Amino acid sequence: MSETARKFDPAQATSFFTGRGHSGWLGLRYSDHGDDWVELELPWREDLLGEEGQRVLASGPILSLMDMASGMAIWRAMDEFTAIATLDLRVDYVRPAREGASVFGRSQCYRLTRSAAFVRGLAHDGDAGDPVAHIQAVFMKIASTARL
Amino acid sequence: MAETPEIEALTPYARSLGITLERWDDGTPVLSVPFEETVEGRPEHYHGGATGGLLETAGYAALRAELARQDRVATLKPINITVQYLAAGKSRTSYALGRITKLGRRSANITVEAWQDDRARPIATAVMNVLMAEP
């Protein structure tokens with residue numbers, strides 16, 4: 001499928017979603033995408049730090065970043081925007097993010113069924129080969145009419 | 001024994017999100033976050049990331065309270081968290097409370113529940129492992 005044939009444009013959708021609400025408060029930005037993955041950027045911010053006395057980004061914003069990137073990856077893979085809800089999200093924090101660095105969240109939708117979407121991804125601070133976190137998640141499609 | 005030990009202020013992230021200490025429940029802090037734009041995902045609902053942030057913050061608060069009670073000093077570092085989303089978070093205040101399932105020397109295992117109107121009907125739960133590094 002050619003790029004132009006796709007209906008769901010992650011770059012455009014990101015600016016729509018990050019104009020307000022939780023994603024807007026975090027300041028998430030579009031970074032990159034492929035056929036079934038999307039990468040978003042979480043810029044460094046002083047008021048998102050975790051433990052007092054440590055210059056380390058809190059883990060909460062990374063969880064939000066990955067939740068958002070996962071949703072975008074699912075819409076990209078489905079090539080349409082339908083209501084979805086996070087069912088289960090696991091984050092392994094493998095190392096702290098570097099001070100002052102943006103954190104990038106890249107999530108891939110590797111399996112879609114009629115009712116569920118399965119994603120996996122990673123967060124990194126510049127080098128995707130040296131992640132700060134790994135994630136795995138399952139989302140459910142919120143069907144307006146249940147299909148049994 | 002201190003039922004409500006002095007715990008360090010919430011993290012800059014937690015304060016910025018709007019999380020506050022609601023009350024103490026049997027020596028464990030109950031945190032809350034009002035429904036504001038900072039937590040909103042799809043219209044009139046919590047963003048899954050905001051709910052996760054509340055759960056995680058409540059888990060750390062429970063651990064800090066227990067460490068303070070035992071006069072232990074440690075730097076807390078996240079190992080992992082698994083969040084189960086059980087119901088949509090609606091446009092009202094959410095609460096969360098963490099329980100320490102296991103407190104070891106180097107790591108702690110904590111379960112957390114978040115709810116809105118009815119504590120018996122949680123909107124999300126989490127299990128987290130936290131590393132306690134020597135200062």
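1. An open sheet of 12 strands runs through this predicted model in the order β1(A)-β2(A)-β4(A)-β5(A)-β6(A)-β3(A)-β3(B)-β6(B)-β5(B)-β4(B)-β2(B)-β1(B), with antiparallel pairing. Two strands pair if DSSP finds at least two bridges between them; strands (E, at least two residues) and helices (H or I, at least four) are DSSP runs numbered from the N terminus. At the edges stand β1 (29–33) of chain A and β1 (20–25) of chain B, each with a single partner strand, so one side of each lacks a neighbour in the sheet.

2. Residues are numbered from 1 along each chain as its sequence is written, and chains are lettered from A, and ligands numbered from 1, in the order in which they are written. In this predicted model, local features need pLDDT of at least 70 and side-chain atom pairs count only at pLDDT 80 or more, while totals for chains, interfaces and linings use all residues.

3. Between the chains, five bridges join β3(A) to the antiparallel strand β3 (residues 75–85) of chain B. One pairing there places R90(A) with T82(B). Within chain B, 10 bridges join β3(B) to the antiparallel strand β6 (residues 124–133), where Y85(B) stands opposite A124(B).

4. The interface comprises 28 residues of chain A in contact with 31 residues of chain B (contact: C-beta atoms, placed from the backbone, within 7 Å). On the chain A side, α2 (21–26), α3 (59–78) and β3 (84–93) each supply at least two residues, and β3(A) gives the most, with nine residues.

Terms used: Contact = placed C-beta atoms within 7 Å.
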